[in-house]
Each structure stands twice: as C-alpha cells, then as structure tokens.
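Subject: Structure for you to look at

Hello,

Here is the structure I promised. Please open it first, then read my notes below.

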Amino acid sequence: MSARLHEALRDLAEEAPRTDLTDRVLAGARRRRRVRTVAAPVLAAAAAVIVAAGATLAGTTGGTPEPVTPANPPRTGIVNDGPLPPPLPKRHPEAITSAFLDHCKNPGGPNGKTPRGDCAQWRLTDRSGRQWRLSDGTGTYQTRVNDYMNGRGPLEISADGRRLAYYRADEQRFVVRDVPTGRVIPVRYPAPLADLLGNYHDLTFSRDGRYLAVSPDVTTTKRAVLFDTATGAVVPLPDGQLLGIRADGGVALATPRRGDERMRKATTLMLTGPDGRVLSRTTLDPRTELGTTGPALSPDGHTLLVRMKTRSMLDHAFADVRTGKVTRRLRLPEKVAQVAGSPTGWVGPTQVFTGSTKTGRGDASGEGIDGLFRITRSVIDLNTGHETRMQAFTLRANQIAFVSGGYLR
Amino acid sequence: MARYDGLAEFVVGRGPGLLRAAYLLTGDGHLAEDLVQSTLVKVAPRWERIVAAGDPEAYVRRALYNEHVNGWRRFGRFGERPSAATPETGRHPDHADDAVRTLVLARALRRLTPRQRAVLVLRFYEDRTAAETARLLDCSVGTVKSQTHRALARLRLLEPGLADLLNDVNVEANR
C-alpha cells in the first residue's frame, strides 16, 4: 500500500461528520416497511407452499402450565444466564414489563441454528424481576428457504403490563391475553402461519390496552386493522404508518405522497374515527419530519412528537396532528435525544418511556455481535431532558429480540 | 422492531467508519450522511438475511459503494457541484503542510468520476486488492486496474503538487 496516500486519505476521512445515524436509519427502514405500497401475491403463494411443506414450530408446548416456581436470579447478574424459567401461570397478578428472545443463545442468532424447544419461547420479566416463559405463544418459528429466513412471532406488552398480544401457532391467530385474569381474547383477523413468513406484523396497543392495531408488512395486500377487545369488533384501517391510537379508538396515520415514499418532502397526516373512516387529512409542516420509530402521538390524542429538519439531531417539536403545524419547538439534550425521539410509549403529555438496547463488548469494536446486551428502561421528560431510569439489566446472546412495556401503574 | 435486531448496534458501531468512507466518496458531509443513511435503509429489510450470511459489514460496504456509483449514474447527484474555490491556483501550494495537502486532495478527488473515487478509496484507503475491489464494485479486475491508473493520472494532472504523494502508488496499483 502507498503509505503516504493512505495517510492523506485517512486525514481527509477524519473530517467526515460524526453524526449518529441510528435513529434516521431505523425511522427510514420502518417507513419503508410500514408504508404499504407493494403487493406480492406470488411471494405469498410461494410462502404458503413452503410452510405447508416444511414448517417447524418451536416455542409452543401447549397444555397446562407447570406450577409456578420462579427461577432464582442468576449469580452473574445476567438475566438469561440461569436455568429456564417456568411458564407464565394462567393468572398472574403482577405486570409484565419486558419480553425477549435470546434464540437459545445460538451462534449466529436464529438463522445460524434454529432455536428449538422451550428456550425458543418468548421470555417475560415481571415488575419484580421474576422471569417466565410464554409457553402458549410462538417465540421463534423456522421456515427454511434456501437455508435462510426464519421468522418470529410478534409480541406486544400493554402500557400497564396487564395485557399481552402475541401469536398462537396452534390456533394460527393473534390473541390478547389478560395477564391477571388469564382470559384469552382471540383477534378476529386471518393470520395463517404462512402470512407470518416474510410479513412481519406490528402489534400496537392503545394506552389503556383496549384496542390493538395489527399492521402487516409492506409486502402483503392484507389491510391493517384495529381490534376492539371489549366488543370484538375489527375495523380495517387506511394504509399508512400508524402514529398512535386515540382513547376513543380513532387512530393517527401518516402517508407519503406519490414518488416520495420516504416522506422526505411532504407527509400527509390522517385521523380516523373509531369506525376507521378518515375524519381529517392535513400536511405535516414541511420543516419537520416524523423522526420517531415508535408511537409519535401523545396521550392527548392530537400532539405529535416530530423532528425538525435541521442539521442537529437534537431539534424536535410538537405538532398538532389536526393542523400539521408546529406548536412548540424542543431541543433535547444530546445524551437522551436519540432514545427520546423514538419512544416506546408515553407516560404523560410530555414524558416518554423508552427501552433502549446497547451492546456490550464485541459489536462496537467490530468483533461481531457476540456479547452482552444492556437494556435500559427510562422515562424522559421532553421539557427538561431529565432521564429517570426505571430498570436496567443485561442479556447474554448472539442476537436478541426485545420488547418493553408495563411502564404505567 | 424485532426484524432489525442488531441493526441499531451495527449503525452505532460501524456507522463512523462508513461515514468516513462515504465522505471520501462524496467529498461532502451532508452527502456522506445521505449516502450512508440511504444505503442502510435499503439493506434494512434484508437485515436478518445479511446477518445470517455472517459478514454484514462486507455486505453494507458493497451496497454503499454501489449506491455511490449507481446513484450518480441514475441521478447525477454526486456529480461536480459549484464551488467558491478556484480550481486552478496558478501556483502549487506548499504540500508540506498536511492541512493544505488534505484540502488539495479533497478538491482533486471531487473532480474524479464516482467510480474512479470508489476505486481509489477502496485501493488506497481501505487497502483492498484489485480482486477484492472488483468484487465489491461488481466489475472485472482489469476494469479496476484501468480505472486506478486513470484516476491516478487525473489526480497528477489536476494537482501536480500531489506528485510526491502519488510516487509510490504505481506498483501498488497493479497488485
């Protein structure tokens, strides 16, 4: 190598911006995934054949859960170092706060070696830190195509931790489980296992856990729906990125303009009523963009957390979903801007809940993903930038899936 | 979010390195961010598969270079842009000064074609062999070598003052 030219190029490269693009990348990826513009009936048909021929289910044991014997906390302080915890009892009085898959700690994650058996089930952590397995849900399922492409059953935890939404492979449908009572409410939405292949489904609870939105991937023609757990009603939703569910069952959605799928130029905001009909349409202030990968709609049902299109990742704003106009600008402290900009949920009108994941050794140094994952659950005040840590714990795995909830008491 | 497991960590860990390469390719901080972001958003839907293949960074780098070369081909967005700086100064600056040398090199790189820039960055910044560069850019080894020679010749023509920087690269270019 030419040492002098290399050195000169290296010096020049040091002038590159030091921007953290994580938030932007995930937001962009999620938009591409959520905005349903492509139909792929051929893919769906092929998937159905493949599943029928060779699907192998893991993480579904069925039957009656074993007696409750919570696992002892592991000595290492790493929550999945100990023995596998018992199944979640039929009735459990405590709120569920986290769920994760460690894919049986297989090298290469779920695609390296297929997770099988109880360790492939979703693991749940309650507010006391005790762990359980979700034995009637699907954690990881495997459907090999050219030796790759595994799938995962989605799972969502309500804001109060009293409800779980997940996929039951035995019944081939989504269900909502009321944790304290053990009542299981089937979602009237066709969801054969073949639909889960390559079509990730987002599950989103309303703040009170009454409504559940099921949003399939961009590669399917299936409509997103809103399910009312109180009445059993299922309402189809317009295409778009779900921004949040209002208390009355109406939803806020964002849609791109034609030819602007990444919503860089203009974003249309829509509000629907409880029947799914569009009540209003407006354009989001062009100085802003939807930076969030989580629910952008605050509990008041009309305030959106958006990002200003400035060079700084710290500049955010509140906008009114009914008018699209900025109502207040926010500048978040650097250390919380990224996670606060993509909340998991809202604790109050200006307080967001976040569940962030950081790798320990390994990934940052480029040595691979093998290592430790540090999970931090926090509440961040958008007015002050003050962060209140609720819980932090560590997982050991090659790859994890992580879901956070149960942040309201 | 489960579908993008590890993507956030990848961006945190490898994003700075990708941005440095993108900055050399584009010569502009905003365009570098744009290039890295658009590359990662494009690969995100295939993230699980990419991770399963075992070397996500190699995949992303390949996508980055191709996005750079093909993006320019489609839209001309990485073409030459107006600049307040006069391209020819009439005399050659003192290249003993590293800061000046860096500025001159940056200015000269911007006047190469995207593919020529990509070849130089891969060969002399990332220290890739001609074969590796060919694989990454999806072209033949012969194309890499010819592009390298043309790029170096153009640099010498544009900035004769960089000659001492380029003196020892001819042999390397054939590696």
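**Helix pairs in chain B**

H1(B) and H2(B) cross in a right-handed way. A crossing is left-handed if the near helix is turned anticlockwise from the far one by less than a right angle, and right-handed if clockwise. Before going on, note that this is a predicted model: local features need pLDDT of at least 70, side-chain atom pairs count only at pLDDT 80 or more, and totals for chains, interfaces and linings use all residues. Residues are numbered from 1 along each chain as its sequence is written, while chains are lettered from A and ligands numbered from 1 in the order in which they are written.

Helices (H or I, at least four residues) and strands (E, at least two) are DSSP runs, numbered from the N terminus. H1 covers residues 7-26 of chain B and H2 covers residues 29-43 of chain B. Their axes come within 8 Å and cross at roughly 125 degrees. That makes H1(B) oblique to H2(B). Axes are lines fitted to C-alpha atoms, for helices over the stretch in contact, and angles run from 0 to 180 degrees between N-to-C directions. Angles under 35 degrees count as roughly parallel, over 145 as roughly antiparallel, 65 to 115 as roughly perpendicular and the rest as oblique.

Which residues make the contact? On H1(B), they include Val11(B), Gly15(B) and Leu18(B). On H2(B), Leu31(B), Ala32(B) and Val36(B) are among them. Two residues are in contact if their C-beta atoms, placed from the backbone, lie within 7 Å. By class, this contact has eleven nonpolar, three polar and one charged residues. (Ala, Val, Leu, Ile, Met, Phe, Trp, Tyr, Cys and Pro count as nonpolar, Asp, Glu, Lys and Arg as charged, and the others, Gly among them, as polar.)

Now take H6 (residues 114-125) and H8 (residues 141-158) of chain B. Their axes come within 9 Å and cross at roughly 100 degrees. H6(B) and H8(B) are therefore roughly perpendicular to each other. Arg115(B) and Leu120(B) are among the H6(B) residues here, and Val144(B) and Arg154(B) among those of H8(B). This contact has four nonpolar, three polar and four charged residues.

**The two chains**

Chain B has ten helices and zero strands. Chain A has six helices and 27 strands. Of the 175 residues of chain B, 45% count as buried. For the 409 residues of chain A, the figure is 50%. A residue is buried if 20 or more other C-beta atoms lie within 10 Å of its own, exposed if 12 or fewer, and partly exposed in between; C-beta atoms are placed from the backbone.

**Cores and two residues**

A nonpolar core is a set of buried Ala, Val, Leu, Ile, Met, Phe, Trp, Tyr and Cys residues joined through C-beta atoms within 7 Å. The largest has 80 residues, and Ala165(A), Leu212(A) and Ala213(A) touch the most other members. Another core, of 61 residues, lies apart from it and includes Leu9(A) and Leu35(B).

Is Asp202(A) buried or exposed? Asp202(A) counts as buried, because it has 20 C-beta neighbours inside 10 Å. Asp202(A) sits in strand E11 (residues 202-205) of chain A.

Thr384(A) lies in the loop between strand E25 (371-381) and strand E26 (387-397) of chain A. Thr384(A) is exposed, with 11 other C-beta atoms within 10 Å.

Best wishes
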